[in-house]
Amino acid sequence: MAKELSNPTPMQQVINPAPLQQVLKPSETTKINPVPLQQLIKHDRSMITMSDDNIMVKQIHATHAPDGREFDVKPLFQLVEDILNRATPGVDPLISAAQTRIETSDDRTNQASFIALLEALSFTIDRISCEIAYKSLGGGDAHATTLSIFNLLTSYSWEAKLVLTLSAFAVNYGEFWLLAQIYSSNQLAKSMAILKQVPTILEHSGQLKPRFDALNNLIRAMVASTRCIIEFKELPSMYISQDVPALATAMTHIPTAVYWTIRSVVACATQITTFTSMGHEYWISATNEAWELSTMAHKINSILDLLKKQLTLCYQYIGRTTNPFQIYGSKCCTANVNTNEMDFKSDKGLLFDADDKRNAETFQMLLNLFDSIHIDNMKILRALISPKDDVQPLLEGSTKRRVNIDVLRRKNVLLLISGLSISHDELSILEQIYNESRVHGTRMESQYEVVWIPVVDRSVVWTDAMQDRFVTLQATMPWYSVYTPTLIDKAVIRFIKEVWHFRNKPILVVLDPQGKVVSPNAIHMMWIWGSTAFPFTSLREEALWREESWKLELLVDGIDPTILNWIKEGKFIYLYGGTDMEWIRKFTTTARAVASAARIPLEMVYVGQSKKREQVRKCTTAITVEKLSYCWQDLTMVWFFWTRLESMMFSKIQLGSTVDVDPMLREIKKLISYDKEGGWAVLSNGSFVFVNGHSSTVLLTFTEYNAWKDDVPPKGFDIAYMDFHSKLHSDSRPCCRFEFPSEVGRIPENIKCPECLRIMEKYITFGCCHDENAISALY
């Protein structure tokens, strides 16, 4: 036995292939003479009957080194199964039923995502097909050929090895029988069929029936084995772990099942090669080959019976741990009922030990998933959105129909994570950006999908008001949303909060087509640059900042085209804010007087304050009535201005910028800090921002115009103003203050003052701006 297994390694066989004269007949060097199937599998009898497969198992385990790449094998297996079922002659009612099932099920093989998957795997499938063909024609030992396939597939999981090998076999097997089915009605097929001796094979089909039957039985066993192993892979890891005896037992036998299934593929492929390359006299005289194929089918079926028993035990285990009341009734007994996973003590004292264990396992599973490499994003999205395999967990925004999660396969997915407190302003701006990206269908910016994941507190009773709020929000969204919050598992909510730092303020986690997190929160990018930030990665965020500078367009871009027109016209533009109407009147009146004296074209825009929405509304009304300046009547524009400004700060902090090395961040922080202290103004000459100052110093600079007006002709108004303001500012620097709501996920440990660059002190502040539009924190 040891001698039979001591073959050269697959790499040695590739480097030193068999001499050509070993492949060709000595007397006929132009005719291929494939080694008979009996010779290829003659060693199988001793290997099949031996009681211990330890040597073989060690050899295939030595080739098994998955690198984390995973893909959903089911669509590809469905296609392969369809080919083999339709190609297999003498189809019985059992196979006919399987064909009907495939024909009536959702055909996912036409989806663009599946085509992309095939493109990624086609090279591997072709290599396996060539490996089998080369070894079959060259007389390679079946065990060595099987090991060479394992070496080609070393980085794939067990079920992926099987499906890829079956795919390689299905290509050639399907082609053979396709010619048999259509050669009589298609001239091209007829010519090809003659080359492959298909008409001759069919002419002697009666004599070959035992061989066909044995071949069909072995193929069915191969397909059944593969299907069973895929089912083990699909077991929900949140409900069953590999230390459960039934699953542990199965995992020890799966490598053996994979080996014998792939080895059977080699045998079947050799059988087809024998049909198409040797005369019918040989087919009829080779009487032992049907027996060899039947023996291999028996071997696979024996292992399959064992795996099916373990699979049944696994499902029984999951049933006990996921729904104990199906076993013990709707109420628990007064006496203790001990099981492996939970402890029933009384109606009020039910201990959900299994629930805690499953949550912990699911959380760890999510951590492991996001640390792994995947071929598409399906496994990640199913774990997040549909851990219980809900068939249609999403609601499509445009049609309001439930859809399968496959609509997101291999797409850039933006997970909009929020509670029910997400505001109308936030949704309005997001919808505008989303719809604009859809208008330009050929642009890269449109190649992403948004999915709303509603996160609710499971400890709070779900009320009718909360349900109404959820339905209302969902109805307004043009993108995908999770059909109901109950689909989001507790462990997923824990993952979102602990790993992605979600509190209550919306975040936008970006997954690339393989499910990898490429931005932990792209909401800042979305507010600042909109769909221009596609594909919303941290690298893209850094690149966009390198293109920016501290200018007025950065502050108002995407908000008000009127200001952009003023910038193009080269006007002096003053943005100002605050809620002190007395200061606003003095500032606007004095600024206009100075502009008139200096003969400069001036425009002023009131942009309110980041909080105190009702006070901003009153100030806007007064400014409009008194005609003090231009202002934004739509308070959503005011909200968006401050949201963008805060997003700029958070974006810079998220990328690791600090005020001592980033002048732009320093100016952003100054403006946010001045807003907390009362009033402020940003003064610009076209794009050039020459002053970003507190209300006290910018007004005083205007009132002291006579002290610096003589500098205006030689320096220009902007430089003269800036120089005098700098002197006032250095004499009386205002305090700086930043407020980070507790609902913000990522709060910096420390922050430097934008004025003096010292580490700022921390305080705990409770505040209320009396905004009647605020939504209860209960949501």
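Over which residues does pLDDT stay under 50, and how many contacts beyond four places in sequence does the model have there? The model you are looking at is predicted, so local features need pLDDT of at least 70 and side-chain atom pairs count only at pLDDT 80 or more, while totals for chains, interfaces and linings use all residues. Residues are numbered from 1 along each chain as its sequence is written, and side-chain values use heavy atoms, leaving out hydrogens and water. The term pLDDT is the predictor's confidence in each residue, from 0 to 100. It stays under 50 over residues 1-52, and for this stretch the model has 74 contacts beyond four places in sequence. Here a contact means heavy atoms within 4.5 Å. For the protein, the mean pLDDT is 76, and 71% of the residues reach 70 or more.

Now let us step back to the overall picture. The protein has 35 helices and 14 strands. These are DSSP runs numbered from the N terminus, with helices (H or I) of at least four residues and strands (E) of at least two. Of the 779 residues, 51% are buried. A residue is buried under 20% relative accessible area, exposed over 50%, and partly exposed in between, using a 1.4 Å probe and protein chains only. Among contacts between residues at least 6 apart in sequence, 72% join residues at least 24 apart.

Two residues show how such labels work. Ile528 lies in helix H24 (residues 523-529) and counts as buried at 4% relative accessibility. Leaving aside neighbours within four places in sequence, Ile528 is in contact with Trp545, Arg644, Ser647, Met648 and Ser651. The C-alpha atoms of Ile528 and Phe640 are separated by 9.6 Å, although the two residues are 112 apart along the chain. Cys130, in helix H9 (residues 112-138), counts as exposed, with 53% relative accessibility. From Cys130 to Ala168 is 8.7 Å, C-alpha to C-alpha, and 38 residues in sequence.

A whole helix can be enclosed as well. In helix H20 (residues 378-385), 7 of the 8 residues are buried, so the helix is largely enclosed by the rest of the structure. The buried residues of H20 are Met378, Ile380, Leu381, Arg382, Ala383, Leu384 and Ile385. Arg382 also belongs to a network of salt bridges that links Asp376, Arg382, Asp406 and Arg409.

What is a salt bridge? Side chains of opposite charge can pair when their charged atoms come close. The term is used here for a side-chain nitrogen of Lys or Arg within 4 Å of a carboxyl oxygen of Asp or Glu. The whole structure holds 16 salt bridges. One of them joins Lys74 and Glu234, whose closest N and O atoms are 3.7 Å apart. Lys74 sits in helix H7 (residues 74-87) and Glu234 in helix H14 (residues 209-234), so this pair ties together parts that are 160 residues apart in sequence. Lys74 is partly exposed at 35% relative accessible area, and Glu234 is partly exposed at 37%.

Another salt bridge pairs Glu449 with Lys411, at 3.7 Å from N to O. Glu449 is in strand E6 (residues 448-454) and Lys411 is in the loop between strand E4 (402-403) and strand E5 (412-418), so parts 38 residues apart in sequence are tied together. Glu449 is buried, with a relative accessible area of 12%, whereas Lys411 is partly exposed at 32%.

Glu498 and Arg494 form a salt bridge of 3.1 Å, N to O, and both lie in helix H23 (residues 490-498), 4 residues apart, about one turn of the helix. An α-helix has 3.6 residues a turn, so residues three or four places apart point the same way.

Helix H28 (residues 581-598) and helix H32 (residues 695-703) pack at about 35 degrees, with their axes 9 Å apart. Axes are lines fitted to C-alpha atoms, for helices over the stretch in contact, and angles run from 0 to 180 degrees between N-to-C directions. Trp583, Lys586, Phe587, Thr590, Ala591 and Val594 in H28 meet Ser695, Val698, Leu699, Phe702 and Thr703 in H32.
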